[in-house]
Amino acid sequence: MRIENHPILSFNRGKTLSFFFNGEEIKGYSGETIAAALHAAGIKVLSHSHEFHHPRGLFCAIGNCSSCLMVVDGQPNVRVCVEKLREGMRVETQKGKGCLAQ
Amino acid sequence: MRETEVLVVGGGPAGMVAAIEAAERGAKVVLTERDDRLGGQLIKQTHKFFGSQKQYAGSRGIDISKLLEGKLSNNSNIEILTETTVLGIYEDGVVTMEGADKHLKLKPKRTIIATGASEKFLPFANNDLPGIYGAGAVQTLMNVYGVTPGQRVLMVGAGNIGLIVSYQLMQSGVEVAAIIDAAPKIGGYLVHASKIRRAGVPILTSHTILNAYGQEFVEGAILASLDDKWQPIAGTEKDLTVDVICLAVGLSPLTELCWQAGCEMKYIPEFGGYVPRKNEFLETTVPGLYVCGDAGGVEEASAAMVEGRVAGIAAAESLGYGLNNVQALKAALKDLEELRSGPAGEKILKGLEKLLAKGETAC
């Protein structure tokens, strides 16, 4: 959920952008990370573990832990907690280790 | 090969101040930061700092960051490389980095490591479920992007970070169901704890999390009381319905570059893990390599900024820049002493004593 009223902070959100999560169109703002936009839309499951296929979400939000790897515009293993949102981006849940586009 | 006089790795509170001090004395400085903006953890710290006026007490982290950024951008001796990650330090002094999908090489005369720390994790069943976050991640989501992590939170850890982030969650309209800590006492300042308790949030000491549960993401947690040997007491299990579990269980120094550079390392529990040995001017056992802030031992932002001052002045002095450096260094060391003089500084002083002691090291 997005915070609208805060006693200390005011959020100067950028312009509205459209992107796609597993084919579904979602709105976000320029300047925010993919993970922040997905969270705001209530999407918490970002990937699955390699071996046991457990759902995985965001943990560190600073690009340290690799818990949030997703496929972005066909490229696997993108850390969506630090990757900024762009118009028309295609973001997909990653299954397994991911393959580089041919 | 590109050369510079001082390379500062990390644009958080320690690195920003180190860069300013070295550059103000005349040294050419390159400051690298892997994020797309400077400030490190300061950009998510909405609370007012404690300590002395000299160390920005009474100011919020977010405002201190802006102030330091202003000083950096006004100094023509400083080149700032954001979205640049330092990858390695080699024996010939060459530092390699990645920025904008390019591999860069730089040869600095002095290097200041200000890489900060990373959050510790906690072993319990189902700790990999989505909805379990480090406290820093919760702050980033809330205070940088204005997005709440969920609706109802279990905070694990009643140190200052656990207490402050709990309060910030409440300010963002999120319910904090409980704060738990394995220790029998609240670790953070009582002024923070009291604010939270007055708002009706229970702080359960001698409590642990046995497991999280949920299908696709966190739906709840099972807690238990601990006995005086830190073991869960059978029959005390409590089921808490939450959709977020926030871990505020400490930090470890990010010292990969110090290891690679060949610094003598020592395990100091009070500092959160292995840290490089250093002298009082923060130079490690590798000549010309300095460490400041959490990378040299986990403390807090006020001390990190003063350490940045020490490292920045010392690096400039060793290159022959600056006037009255000895006086400036003495003043900075005195400020550090003052910051560490309260009860919260006892742990740091104990750690320092161990670090400075002669004896066995890791390598």
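In chain A, 39% of the contacts between residues at least 6 apart in sequence join residues at least 24 apart; two residues are in contact if their C-beta atoms, placed from the backbone, lie within 7 Å. The model is predicted: local features need pLDDT of at least 70, side-chain atom pairs count only at pLDDT 80 or more, and totals for chains, interfaces and linings use all residues. Residues are numbered from 1 along each chain as its sequence is written, and chains are lettered from A and ligands numbered from 1 in the order in which they are written.

Chain A holds one helix and seven strands. Helices (H or I, at least four residues) and strands (E, at least two) are DSSP runs, numbered from the N terminus. Their order from the N terminus is β-β-α-β-β-β-β-β. The C-alpha atoms of chain A fill a box of roughly 45 × 25 × 20 Å along the principal axes.

Chain B contacts chain A through 26 residues, against 27 residues of chain A. Strand 7 (117-119), strand 8 (132-134) and helix 3 (135-144) of chain B each supply at least two residues of this side. Helix 3 of chain B gives the largest share, six residues.

Within chain B, the axes of helix 1 (residues 13-24) and helix 7 (residues 301-318) come within 7 Å and cross at roughly 30 degrees. Axes are lines fitted to C-alpha atoms, for helices over the stretch in contact, and angles run from 0 to 180 degrees between N-to-C directions. The contact includes Met16(B) and Ile20(B) of helix 1 and Met305(B) and Ile313(B) of helix 7.
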